[in-house]
Amino acid sequence: FNVQLQRLPKDTAELESALAGVKISALASGDLPDLLKFFLYAQDLDGDMYLVQALVHKAARRMDVTIKTEASATPTFDPAEALVEQISQALYPLGML
């Protein structure tokens with residue numbers, strides 16, 4: 001999942017706080033010269049865990065998201081896509097999307 005950002009987060013705390021509002025928690029984060037790095041996790045109602053790596057490339061204003069889970073997709077529902085939708089819901093009110 002890659003998305004072009006309209007603006008960068010002010011700092012790692014801003015993004016972590018927004019994601020916490022949609023039940024995505026931070027394990028670790030860091031502010032490097034060229035990117036912001038986030039290692040996140042979430043759990044769905046079935047108890048399936050999701051591990052997320054999000055990289056915000058500062059110069060390109062692009063966020064790359066990698067999701068790992070053992071949750072099974074069906075022909076009509078992909079749990080990773082549902083998590084991407086949650087991430088989008090967190091970023092949109094902040095003017096990042």
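Biologist: What volume does the largest pocket have?
Modeller: This is a predicted model, where local features need pLDDT of at least 70, side-chain atom pairs count only at pLDDT 80 or more, and totals for chains, interfaces and linings use all residues. Residues are numbered from 1 along each chain as its sequence is written, and side-chain values use heavy atoms, leaving out hydrogens and water. A pocket is an open set of points on a 1 Å grid over the protein atoms alone where a 1.4 Å probe fits, with protein on both sides within 12 Å along at least five of seven lines; lining residues have an atom within 4 Å of a point. Taking volume as the space filled by probe spheres set on the points, joined across faces, edges and corners, the largest pocket comes to about 250 Å³.

Biologist: Which element gives the largest share of the lining of the largest pocket?
Modeller: The lining has 16 residues, and Asp44, Tyr50, Phe77, Pro79 and Ala82 lie nearest the centre of the pocket. At least two lining residues come from strand 3 (35-43), and at least two from helix 2 (79-91); helices (H or I, at least four residues) and strands (E, at least two) are DSSP runs, numbered from the N terminus. The largest share, four residues, belongs to helix 2.

Biologist: Which residue forms a salt bridge with arginine 7?
Modeller: The structure holds four salt bridges, each a side-chain nitrogen of Lys or Arg within 4 Å of a carboxyl oxygen of Asp or Glu. Arginine 7 is partly exposed at 24% relative accessible area. In its salt bridge, the closest N and O atoms are 2.6 Å apart, and the partner is glutamate 14.

Biologist: Is glutamate 14 buried or exposed?
Modeller: Glutamate 14 sits in helix 1 (residues 12-20). Leaving aside residues up to four places away in sequence, glutamate 14 touches Arg7, Pro9, Leu94 and Met96, where contact means heavy atoms within 4.5 Å. Buried is under 20% relative accessible area, exposed over 50% and partly exposed in between (1.4 Å probe, protein chains only). At 14% relative accessibility, glutamate 14 is buried.

Biologist: How many residues apart in sequence are the parts that aspartate 31 and lysine 58 tie together?
Modeller: Aspartate 31 and lysine 58 form a salt bridge whose closest N and O atoms are 2.5 Å apart. Aspartate 31 belongs to strand 2 and lysine 58 to the loop between strand 4 and strand 5, so the pair ties together parts whose separation in sequence is 27 residues.

Biologist: What separates the C-alpha atoms of threonine 12 and leucine 36?
Modeller: Threonine 12 is placed in helix 1 and is buried, at 17% relative accessibility. Among the residues that threonine 12 touches are Ser29, Asp31 and Leu36. Threonine 12 and leucine 36 are 24 residues apart along the chain, and their C-alpha atoms are separated by 7.0 Å.

Biologist: What is the phi of lysine 23?
Modeller: Lysine 23 lies in the loop between helix 1 and strand 2 (25-31), and counts as exposed at 67% relative accessibility. Although lysine 23 is not a glycine, its phi is positive, at about 65°.

Biologist: Phi of arginine 61 is near what value?
Modeller: Arginine 61 is in the loop between strand 4 and strand 5 (62-69), and is partly exposed with a relative accessible area of 37%. Arginine 61 is a residue other than glycine with a positive phi, near 50°.
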